[in-house]
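User: I would like a close look at a single part of this structure, taken slowly and with the pairing spelled out.

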Amino acid sequence: MDPCRDCHAGGVAAPAPLALRRHTVAIVGPPNSGKSTLFNRLTGLRQKVANYPGVTVEQRLGKLQVSRGREVDLIDLPGVYSLQARSEDEQVTRDVLMGNMKGTPRPEAIILVLDSTNLGRHLMLAAPILALGIPTLVVLNMADDLEKRGGLIDTADLAQRLGAPVALASATRGEGLEPIAEFLNGALAIPAPMELPVLNNPPACRAWATQVSGQAYRAPAPPLWTKRLDAIFLHPIMGPLIFAVVVVAVFQTIFTGAVPLMDGVEAVVAGSGQWLKQTLPGSPLRDLLVEGVWGGVGSVMVFLPQILLLFLFIGVLEDSGYLARAAVIADRTMARAGLQGKSFIPLLSAYACAIPAILATRTIESKRDRIATILIAPFMTCSARLPVYTLVIAAFIPERNLIGPFVGTRAAAMLGLYLLGFAAAVFTARVLKSSILRGERTPFVMEMPAYRWPTFRSLGLRLLDRGKVFLRRAGTVILGVAIVLWVLAHVPTKAGKAPEIAESVAGTIGRTVEPLIKPLGFNWKIGIGLITSLAAREVIVGTLGTIYGIESESDAVGLQKALQADLTPGGAVALLVFFAFAMQCMSTIAVVRRETGGWRWPAIQFAYMSSLAYVCAFAANRAVMAWLS
Amino acid sequence: MQLSGKNARLRHAATLIDLRRGERGVLDYFDLPEDVALRLMELGFLPGGVVRAGRSAPGGDPRVFEVDGSEVALRRETASRIRLKSARSASGPE
């Protein structure tokens, strides 16, 4: 029995230090206050990312063993400026703090994270938080910046006025965290501020903040480096130039820089597959393992380094603060498509994966803009397309220098595909915003955070998280499809032996759809890949790995060579175009349905993207054939 | 709140878009829906507060404004609906 259940249910206002019970503590703070850095610092590898039930705002949870017998569930809530729920992110924060969120117990304590270099404004959030009557620790983050820029805080004085403990800390450096540990260990008390302003009245809250911090706070000098860097990054000529260089550099690096790493993974996969084949006794089970699982999952695993590299770039851009400047530079372009700068960040994350991008659209207050962004996000070249693009480009486009040694033909082809997806997104957004989603443009309001060095810690955690998601997919969806496909390719057996692949069930299915895809330049093998890739795009690579692995006895024949023999140049280009436009991703469809509250939008989206893919692939195939003849 | 000729001229000259880079102004009120105005106030655009125009994207839109210790980017269409106090009342007492 839990001995403390009764005392909790008994309505005791201040929870006594309890043993052997889970405690829920929420981290709250305005955007850019370093909330997540603190969360990462406190929980490290013991965190998991899930979704709140019903809504799709990301829920970041971490477990902490603060002392013997005392475990704390730490929740990192979405950043908010106030507790007025105007966006769905804010609604989630508000619901959790009020105890109205299903499945999440009301936090019994709050860690309020504020930026100490901008205390006057950030303290505005302290008013509604302290008014909740939940034990609160006020963490004034970025203490290192404050000190460097000559600011000062008298924490004791501030704590007295706020009626709550105050800690000056630097989450990036891990300094000043002891009071947080003590707080988590049960040093809780209901806050008793000297006075509180009228809530939901920003001028009153701001005046209160000034009064409270008045003598206890000396504001730091303006951030010199941020000004210097903005003079370059927001320079009328240099700014857009650097923006272009950054985008090109990202693509060039993930395409050529990842090659040695990918070769390494490939060697390991091939080597271990060979070893398995030689070690295990010959049986259908061994063939399933080596050809189905190793051939299918292995060929997708090769792309892990590339995907991690892409997430590393996005992480560096985001954590350093450059992404906000990029959004400003991109806003005019977004406006031409009828979207706003806030759509830029979801759309940029869609280059990694459409799912986090669709979740990120929650920060867009306008419903119309949000749906438009959701509908075009899958056109952005997500990392699941990378394996397909890489394979086809490497097989069909010879590597030559295009602009000196910096940009090669393959990188250029890749960039072209990225631009193609982007163009389709812009085109679709314009169509949507001038027809079914017509509406008034909403204002673009975006805070520019100070530039900071990204930390290895938060980048590492981010990569680990994304790597896990990718591997989990490889271990479930892709593994499942690989096994089913291998079996379908081996039945019906003829006289106890597996049939030729063309005569197997998989081959029959492929042949059935062949007439439909022949005009695009695809044969029945690609047809099987198109069907399996409805689950997820990168599955086609695994599928082709399995199909060609079965067909050719020699393992030395690479997938690229097999494709070269099997596809015309026209078909290859058509395949690239098809993958640029088609919505082959079950997870995305599921997320869109959940986000838009029904099947209507995902159905429209799927039909639209598939038709566009078919028509454009057909045109591309014809164009290449005409050009070559 | 009668608009005399002089007042009209002053008003015409007094929104955020009239500030050139480096120039300061004192915020007066918003010609914007309430929820947008509230969001802007939370970000530091408080009536009576000082705002300074900063750098911008090419073409001057959107532009970054320094306000209450932070920098916030606004589109021209939003900035044009944030009114500034006239120079005279800005320098005088509240």
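In what order do the strands of the open sheet of six strands stand, and is their pairing parallel or antiparallel?

Analyst: In this predicted model, the open sheet has the strand order β12(A)-β4(B)-β3(B)-β2(B)-β1(B)-β5(B), and its pairing is antiparallel. The edges are formed by β12 (445-448) of chain A and β5 (82-84) of chain B, each of which has a single partner strand, so one side of each is left without a neighbour in the sheet. Neighbouring strands of the sheet are turned against each other by 45° on average, with direction ignored.

Strand β1 of chain B, which covers residues 24-30, pairs with strand β2 of chain B, residues 50-56, in the antiparallel sense over three bridges. Along this pairing, Arg24(B) stands opposite Arg52(B) in β2(B), while Gly25(B) has Val51(B) of β2(B) as its bridge partner. The pairing of β1(B) with β5(B) is likewise antiparallel and runs over two bridges; here Phe30(B) has Ile82(B) in β5(B) as its bridge partner.

Technical notes: Residues are numbered from 1 along each chain as its sequence is written. Chains are lettered from A and ligands numbered from 1 in the order in which they are written. This is a predicted model: local features need pLDDT of at least 70, side-chain atom pairs count only at pLDDT 80 or more; totals for chains, interfaces and linings use all residues. Side-chain values use heavy atoms; hydrogens and water are left out. Two strands pair if DSSP finds at least two bridges between them. Helices (H or I, at least four residues) and strands (E, at least two) are DSSP runs, numbered from the N terminus. Axes are lines fitted to C-alpha atoms, for helices over the stretch in contact, and angles run from 0 to 180 degrees between N-to-C directions.
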